[in-house]
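These are my notes from a first look through a structure that is new to me.

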Amino acid sequence: MNTVYHIPAMLKETIEGLNIKSEGIYVDVTFGGGGHSRAILEAGAGHLYSFDQDADALSNAIDDERWTFVHSNFRYLRNWMDYYGVKEIDGLLADLGVSFHHFDCPERGFSFRFSAPLDMRMNQTAKRTATDIVNGYSEEELAKILYLYGELKNGRQIAHNICLSRSKNPILRTEDLVAASRIPAERSKELARLFQALRIEVNDELSALREMLVAARDLLKPGGRIAILTYHSLEDRLVKNFLRSGNLEGTIEKDFYGNNLSPFELIEKGREASEEEVARNPRSRSAKLRVAEKK
Ligand SMILES: C[S@@+](CC[C@H](N)C(=O)[O-])C[C@H]1O[C@@H](n2cnc3c(N)ncnc32)[C@H](O)[C@@H]1O
């Protein structure tokens, strides 16, 4: 296993964006290696609830009485806040997707760089793995996922190749999927997109994000901030439209005078990591930071 669990992206910019109030109640819905969570506590938060659906993240637990770990999918944000008697929050951070730990842990099956069972579950107790999807979905369903979540223009062809291959032998390991897709090894960006698409489906990432955004909007106090780091265009579009409009449809409602009725004021509109950060941490290259304040 790798020693670095995760290097947080745009740490300083994210903490500044959250504008931490001392004694305020904060939620980090994607704890991971805990880099962002630690910084939120160091900035003076009164209490921080950190979610992660992967029990491995608990190896980074923070010894601080102001900190509570919630081992759960963040789609249940509202239920957990009810459970803890929290009616309103001062800020929320979501640093979406997987951690370095997921990519660098061969046995988790997130990376085409390693030979491993085709798993890709962030929550290791979830029932459905990437193997189930690759072998169980129809060609049409697979094509849709590859096109939508991987933005693979040749998604139909790849889905066809996969189905042809699985009709002879089941696809059980990462290398089986690479071979079945017939994407040549040198087209590593395409392979990364194939794996990304499956990972998003296995973990139902977009539905969880939608549910969490709505709960976060309702829980935030006026003046409270929401900061989101996205890593691919589909989730970024969803977040961008939500923060602009305050709803999942992205419909901007206006009053009689033409004033935007969105509950949010935009603070950061898709900031990217500096060149210096990308040089130090190449995985921050695709990160986009969006921050909004509840009116
Ligand atoms: C990019 S990492 C976060 C890294 C973290 N900001 C840090 O400083 O180390 C994303 C983390 O969120 C978790 N995660 C992703 N989607 C989740 C969800 N729907 N519910 C709960 N945890 C989730 C993953 O397991 C992973 O550990």
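**Entry 1, a helix pair.** I began with helix α7 (residues 155-166) and helix α8 (residues 174-181), which pack at an angle of about 120 degrees with their axes 7 Å apart. I note that the model is a predicted one. The crossing of α7 and α8 is right-handed. I then looked up which residues make the contact: α7 gives I158, N161, I162 and S165, while α8 gives L177, A180 and S181. Sorted by type, the residues of this contact are four nonpolar, three polar and no charged.

**Entry 2, the sheet.** I asked in what order the strands of the open sheet come. The order is β3-β2-β1-β4-β5-β7-β6, seven strands with mixed pairing.

I found helix α10 (residues 205-219) lying across β4, β5 (220-230), β6 and β7 (288-294), and it runs at about 155 degrees to β5. Helix α11 (residues 233-245) lies across β5, β6 and β7, at about 20 degrees to β7.

I turned to strand β3 (residues 67-70) and its partner. Strand β2 (residues 47-51) runs parallel to β3, and four bridges join them. Across this pair, L48 stands opposite W67, and F51 stands opposite V70. In a regular strand, side chains alternate between the two faces of the sheet. I checked β3 for this: W67 and F69 point one way, T68 and V70 the other way. Are these residues buried or exposed? All of them are buried.

I looked up Y84 next and found it in the loop between α3 (77-83) and β4 (89-95). Leaving aside neighbours within four places in sequence, Y84 is in contact with Y49, T68, F69 and V70. For Y84 and T68 I noted 16 residues of separation in sequence and 10.0 Å in space, C-alpha to C-alpha.

I ended on E268, which lies in strand β6 (residues 264-272). Its side chain is joined to that of R271 by a polar contact of 2.9 Å. Not counting residues up to four places away in sequence, E268 touches L289, R290 and V291.

Conventions:
Residues are numbered from 1 along each chain as its sequence is written. This is a predicted model: local features need pLDDT of at least 70, side-chain atom pairs count only at pLDDT 80 or more; totals for chains, interfaces and linings use all residues. Side-chain values use heavy atoms; hydrogens and water are left out. Axes are lines fitted to C-alpha atoms, for helices over the stretch in contact, and angles run from 0 to 180 degrees between N-to-C directions. A crossing is left-handed if the near helix is turned anticlockwise from the far one by less than a right angle, and right-handed if clockwise. Contact means heavy atoms within 4.5 Å. Ala, Val, Leu, Ile, Met, Phe, Trp, Tyr, Cys and Pro count as nonpolar, Asp, Glu, Lys and Arg as charged, and the others, Gly among them, as polar. A polar contact is a pair of N or O atoms within 3.5 Å; within protein, one must be able to donate a hydrogen and the other to accept it, and residues adjacent in sequence count only if both atoms are side-chain atoms. Buried means under 20% relative accessible area, exposed over 50%, partly exposed in between (1.4 Å probe, protein chains only). Two strands pair if DSSP finds at least two bridges between them.
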